[in-house]
Amino acid sequence: MLLISDNAGNVYVSEWNDHRIQKFDSDGTFITKWGSYGGADGEFYQPYGVAVDNAGNVYVAEKYNHRIQKFDSNGVFITKWGGFGSEEGQFNQPYGVAVANTGHVYVVDTYNNRIQKFYAYFNISGYVKDLGPGQVTGVSSVTVTLSGYTSDTYVTGISGYYEFTNLLCGEDYTIIPSRTDCIFNPPSRNYSPLGSTLENEDFTTPSVMTAIITVLSDSFELYVSTDFGSPIKRVYIEGNTFSEPVNVELSDVP
């Protein structure tokens with residue numbers, strides 16, 4: 001069982017054997033619960049780590065479904081990503097999850113011996129250009145369609161530029177131009193940019209991760225136990241490069 005609180009003082013508890021999340025107020029009064037055993041959206045197979053972002057959204061790391069699910073503060077499913085494997089964006093029994101003020105999501109990918117960092121949102125941009133010599137002339141007034149979790153259109157300007165912003169990480173998107181007599185750069189394809197992987201050879205089986213927002217600097221600091229029962233180590237401070245694990249006494253954790 002793991003628990004975490006949000007900015008309002010509400011407490012979220014993950015119950016891995018009951019495959020659910022419970023929410024209580026700061027006095028311990030029950031508010032709501034969600035989840036049951038399974039692999040569908042909103043179901044869990046041993047949920048472990050829980051994190052809450054600044055907007056109150058709840059992230060749950062599932063050990064045996066090898067994924068992260070995201071919910072609103074009432075437990076309504078928003079999105080998910082992951083799946084079993086060792087490629088970027090895949091997990092092998094993730095135990096921990098944390099969210100920085102920037103919206104970046106950090107996942108302890110336990111049996112892949114790594115931490116993965118994901119972007120909460122991303123942009124897709126490119127150019128539509130003329131088929132003529134050099135293929136450098138931008139084509140204006142071409143409608144580019146975005147299809148996926150969110151659907152949208154963008155009409156190119158004089159330079160042929162198009163851009164879609166604030167797209168949800170972990171979802172697949174396809175972009176399609178309305179004309180085929182142009183160079184479309186990049187070509188129409190699926191997008192699912194999942195961020196970057198933070199690896200370190202000292203990670204044996206990183207298990208418990210705690211996200212700390214320090215009061216003085218308001219910076220995000222990432223702490224991890226690099227083996228079951230081993231000392232807590234600080235491994236990352238948001239905005240800095242990923243560092244060698246540093247032993248930290250519990251009294252030193254903000």
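**Salt bridges in a chain of strands**

Modeller: Of the 254 residues in the protein chain, 46% count as buried, and since the model is a predicted one, the confidence values deserve a place beside the geometry. The secondary structure consists of 23 strands and zero helices. Among contacts between residues at least 6 apart in sequence, 45% join residues at least 24 apart. The chain exposes about 12,400 Å², of which carbon and sulfur atoms supply 48%.

Against that background, a search of the whole structure finds four salt bridges, and one of them pairs Lys-80 with Asp-41, whose closest N and O atoms are 2.7 Å apart. Lys-80 belongs to strand 8, which covers residues 77–82, whereas Asp-41 sits in the loop between strand 4 (30–34) and strand 5 (47–52), so this pair ties together parts that are 39 residues apart in sequence.

Arg-114 forms a salt bridge with Asp-109, with 2.7 Å between the closest N and O atoms. Burial here means a relative accessible area under 20%; Arg-114, at 4%, therefore counts as buried, and Asp-109 counts as buried because its relative accessibility is 0%. The side chains of Arg-67 and Glu-62 also meet in a salt bridge, with an N to O distance of 2.4 Å, and both of these residues are buried.

The chain averages a pLDDT of 77, and 69% of the residues score at least 70. Over residues 241–254 the pLDDT is below 50, although this stretch has 37 contacts in the model beyond near neighbours in sequence. Residues 210–217 likewise stay under 50, and for them the model has 19 contacts beyond four places in sequence.

Key
Residues numbered from 1 in each chain as written. Predicted model: local features only at pLDDT ≥ 70, side-chain atom pairs only at ≥ 80, totals over all residues. Heavy atoms only, no water. Helix = DSSP H or I, 4+ residues; strand = E, 2+ residues; numbered from the N terminus. Buried < 20%, exposed > 50% of the residue type's maximum accessible area, 1.4 Å probe, protein only. Contact = heavy atoms within 4.5 Å. Areas by Shrake-Rupley, 256 points an atom, 1.4 Å probe, with all protein chains shown as cover. pLDDT = per-residue confidence, 0-100.
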